[in-house]
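Please look at the sequence and the model together before reading on.

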Amino acid sequence: MDVQRLTVGPIVGYTSGDQVRIFGRAELSIADHRPRKAHGVIRYKKRSNAKYSSPVYFKMNPNFDLTGVIVIPNLDSNTKYEYQVGWFFSDLDTNEINVKKILNWQNIESHQFKTASTNNTAKRNIVFGSCRYALRLFGGMWWDDRGDRTFRSILAQIDEGKEVDQVIMCGDQIYADDLNFVGADTCVDEFNSRYRVALNTPYIRKLMSCTPTYMILDDHEIEDNWPSSANKKDWVTKFPAAIHAYTTYQASHSPLFSLKNNRITGTPTHLWYSYQDGCCDFFICDTRTERDISHTNKEIIGPRQMTELLSWLNNGNGQVKVIVTSVPPYESESEDKWHGFINQRDEIFECIKSQQIPKVLFLSGDVHACMASQVKINNDIKVTSIVSSAFFWPYPHPNRKGFKLSGVLDTTTANEYKVENASDVYPEDAFTRLCISTDKVKVEFYSRKGKKLGSTSYQF
């Protein structure tokens, strides 16, 4: 039987020292008014080995746009693996398929991934960014591919030997609202179609097939500045449709889902998650779907997420604490960012100050410019913030004067939080490379076409 090429993917998702989660999509085919059963199949090996493993099968779920996620356990840490993954039709259930079935892999590409490091002093090389607008032209008949060139530049750096341990996408991976005026998505099929286009361009597809990729949503996965303009109908139609598609294409291969018998299981009750890799401990915040803007004391994250975030900050493991948040913590004084939720920002800063937590790094996007700076918490502690956006935005970008890069932050406390050590601002399509070690972070900003825009570094 011929193994078929995935229609979306593969995406290498959450990768620990001993496991990897890989996402893919089959093709929809209707027979007798029902989707035909499709099954994913993967085989893998250490790069140093000559022989692949026996094939492992997994379900392509018609309830989730014929996608599936395979979990490969019992791997060695900090080790390179090679794999092939695809799909085929069969009327059998996945658990009934003969493991020794003869499969033809000749049309399936080989991909590689590297497991995470369990050495908590190992430096990490990270590429991150946000906001990739896929411009539709001629009534949607053609999609502008300029946004994919950003990922071509990242791949070119990898080919040059610049290692990337993981890619982080901080939000607006799709623009489902099309700037709120051209064919905004409202149902699951429309959101799914948007993801299939956005994740299927050749360079992002190749990058995600070989590099662990972590994602979190922002407003444009639903609609601009969600939920500021939401009505009752949006909450029961558009929102669940958007989150279903987000869960299918972005969250399914993250650490969010628990495992049972090495298969992802359950229904998530939240979208934030955490994981570790080398010297870094990551907390990926959901600063969009838990917002409460109906009261005086507004919340950008819910009480449970705040409790978990503060506990994670203060767990004493000594690693670099990397907080990923789709909107900047202080650089923009828009009410849509953390500036509109100062009480909760103060709560985080107060925890860092009172517990003397020394290595805290914020990564964010959203504002269509790149920059870096620090906030002085006290004489001994500084929080570092790096903003990277946009992967691609075909309209005018903001300029430096629109950002808070000096002076004192607004606060509800008696403390003074001063912004200092700001980099230049780069208001153009770009991505950011980080080299994070136990005592510092090196920051490099690159344009969409790969030109180095600037660099800086900060001691923890």
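## The second largest pocket

Strand E7 (67–72) gives the most to the lining of the second largest pocket, with 5 residues; strands (E, at least two residues) and helices (H or I, at least four) are DSSP runs numbered from the N terminus. A pocket is, on a 1 Å grid over the protein atoms alone, an open set of points where a 1.4 Å probe fits, with protein on both sides within 12 Å along at least five of seven lines, and its lining residues have an atom within 4 Å of a point.

This pocket has a volume of about 580 Å³, a volume being the space filled by probe spheres set on the points, which are joined across faces, edges and corners. Of its 24 lining residues, Asn61, Phe64, Phe257, Ile264 and Thr265 are the closest to its centre.

The model is predicted, so local features need pLDDT of at least 70 and side-chain atom pairs pLDDT 80 or more, while totals for chains, interfaces and linings use all residues. Residues are numbered from 1 along each chain as its sequence is written, and side-chain values use heavy atoms, with hydrogens and water left out.

## The largest pocket

The largest pocket holds about 750 Å³ of space, and among its 37 lining residues Gln112, Lys206, Ser209, Cys210 and Thr211 lie nearest its centre. Helix H3 (202–210) supplies the largest share of this lining, 5 residues.

## Helix H7

Helix H7, residues 342–354, has 13 residues and reaches 18 Å from its first C-alpha to its last, close to the 18 Å expected at 1.5 Å a residue, where the expected span is 1.5 Å times one less than the number of residues. After H7 comes Gln356, whose phi is positive, near 55 degrees.
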